[in-house]
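Subject: Structure handover

Hello,

Here is the structure for your work. Please have it open while you read the notes after it.

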Amino acid sequence: MQLLEYTSFDALGLVQLLRKGDVSAAELHDAALRACAAVNPQINAVVELWPADLTAIDHAAPFAGVPFLIKDVAVTMAGRRSEYGSRLGAGHVASADSHLMTQFRKAGLATFGRTSTPEMAFATTTEPVLYGATRNPWNVSLSAGGSSGGAAAAVAAGIVPLAHATDAAGSIRVPAASTGLFGFKPSRGRVSNGPAMDEIFSGLGVQLGVSRSVRDSAALLDGVQGIMPGEPYVTSAPNFTWLSQVSVAPGKLRIGVQRAASNGAHPVPAVDAALQDTVRLLASLGHHVEEVSPALGVSWPAFVQANASIWCANLVPWIDGLAHESGRAVSLDTLEPATLACYRYGQTVSAVEFVAALDVRNTVTRHAGALFGQYDVLLTPTMPDMPWQLGRYGEKEEQLDGLGWTARLFEHSPYTPLANVAGLPAMSVPLAMSNEGLPIGMQFMAGYGQDGTLLRLAGQLERAAPWGQRRPPVWAGKV
């Protein structure tokens, strides 16, 4: 199979080829390996490859034989390394599949490697010391976003049509926006984090993937949704498939448009222009669109403080566990300065402060619930700025404490964390391109459990303003 052909299909398109007998799973795997060899030296998205187990694939599965990559955090594959993007975790080998990995296997995905993540997924860029910076296929001097930057760069460059990703403050949507992909964050409780973890960051983190088409993400949610006994959050599956919703008209939606972020930041001119173009597109499709200034229910500093308490306190047992297993000391020799600062900050968070942070989460969630009583969808830019130059994100990080690092992360991506705190579905849709040829993502958020509303809207937008034929300068299909 030629790379030009391999990269021209989304995941479900490859499955159709396989079922018609036009290609075999082995040929798809070989094409993915050649695609990786062609572009990964330029973008540094994939940190390890291994032979895919093609003998165990159920050819009736929805993604039978599709090459797939998992992120180096939050999901575990038995016998494979899971290093959390950290020197502290270097060499760590998972002893068992997590539930999500089991679901990936059942869906027929042929996992053959893992993608880069910032250390402990604690950044919205992907520039870890352990493996070096992941570069954006649209401009290799720029960040691919994070924390699922490796996944996004791999998909955007054509190595795989979709890849596993996680999102605790925007880590699916930020890299999707940075690299021109569709990134869908499902409602809390749809996808299991078990059995080793009951929650990721006290319910803020969810898992799914990034893709080049809406239907691939919808089908991926169909394939992996479902929870284990004892899950802390349970959001039941609907009586329809998510894939079926992509082709269903969304009807006339009430859409609120938030221009300025909750911290007062305004989008740069290119992003603002894209937002206005999106408003006009939505109006032309028959939706009711009006500006809105959503209330968090707390001040921005209180919002950041609560998230820092939750994030950093959750980080402590992660790091202590890795240190115990590896026999390595927790220090600047094993952790990056910002991660170590967050670890130390987490050690100072008292039980009372942690409960107060959860109370902030409750307040924000209640205000979000009220907002989505008025509107079906909230539209914002995914990011206020264009992708940053590599190196900018970490400038003077050694001078920051855990609260300061969290504040930097939220300043970089102020529109995305609301969905995580409130457990809401949200997506980044690649609706625009800048004059410099860089993708611009628009974020859409809906009320709790209303994932279908977003997927119906996403399908409509993809048909009205298709993006599937855009190709970055680093593209495996060019070889």
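The notes below cover a sheet, a helix pair and some salt bridges.

This is a predicted model, in which local features need pLDDT of at least 70, side-chain atom pairs count only at pLDDT 80 or more, and totals for chains, interfaces and linings use all residues. Residues are numbered from 1 along each chain as its sequence is written, and side-chain values use heavy atoms, with hydrogens and water left out.

Sheet

Helices (H or I, at least four residues) and strands (E, at least two) are DSSP runs, numbered from the N terminus. Two strands count as paired if DSSP finds at least two bridges between them. Eight strands form an open sheet with mixed pairing, in the order β6-β8-β7-β12-β13-β11-β9-β10. The edges are β6 (162-167) and β10 (288-291); each has a single partner strand, so one side of each has no neighbour in the sheet. Within the sheet, β7 (residues 182-185) pairs with β12 (residues 426-433) in the antiparallel sense over three bridges, and K185 stands opposite A426 in β12.

Helix pair

Helix α2 (residues 11-20) packs against helix α7 (residues 214-224) at an angle of about 80°, their axes being 8 Å apart. Axes are lines fitted to C-alpha atoms, for helices over the stretch in contact, and angles run from 0 to 180 degrees between N-to-C directions. The two helices, α2 and α7, are therefore roughly perpendicular (65 to 115 degrees). A11, L12, G13 and Q16 of α2 make the contact with R215, D216 and A219 of α7, where contact means heavy atoms within 4.5 Å.

Salt bridges

The whole structure holds 15 salt bridges (a side-chain nitrogen of Lys or Arg within 4 Å of a carboxyl oxygen of Asp or Glu). One of them joins the side chains of D10 and R215 at 2.7 Å, N to O. D10 lies in the loop between α1 (3-6) and α2, and R215 in helix α7, 205 residues apart. D10 is buried at 15% relative accessibility, while R215 is partly exposed at 29%. Buried means under 20% relative accessible area, exposed over 50%, and partly exposed in between (1.4 Å probe, protein chains only).

R114 and E48 form another salt bridge, with their closest N and O atoms 2.6 Å apart. R114 is in strand β3 (residues 110-115) and E48 in strand β1 (residues 46-49); both residues, R114 and E48, are buried.

Regards

Notes. Angles under 35 degrees count as roughly parallel, over 145 as roughly antiparallel, 65 to 115 as roughly perpendicular and the rest as oblique.
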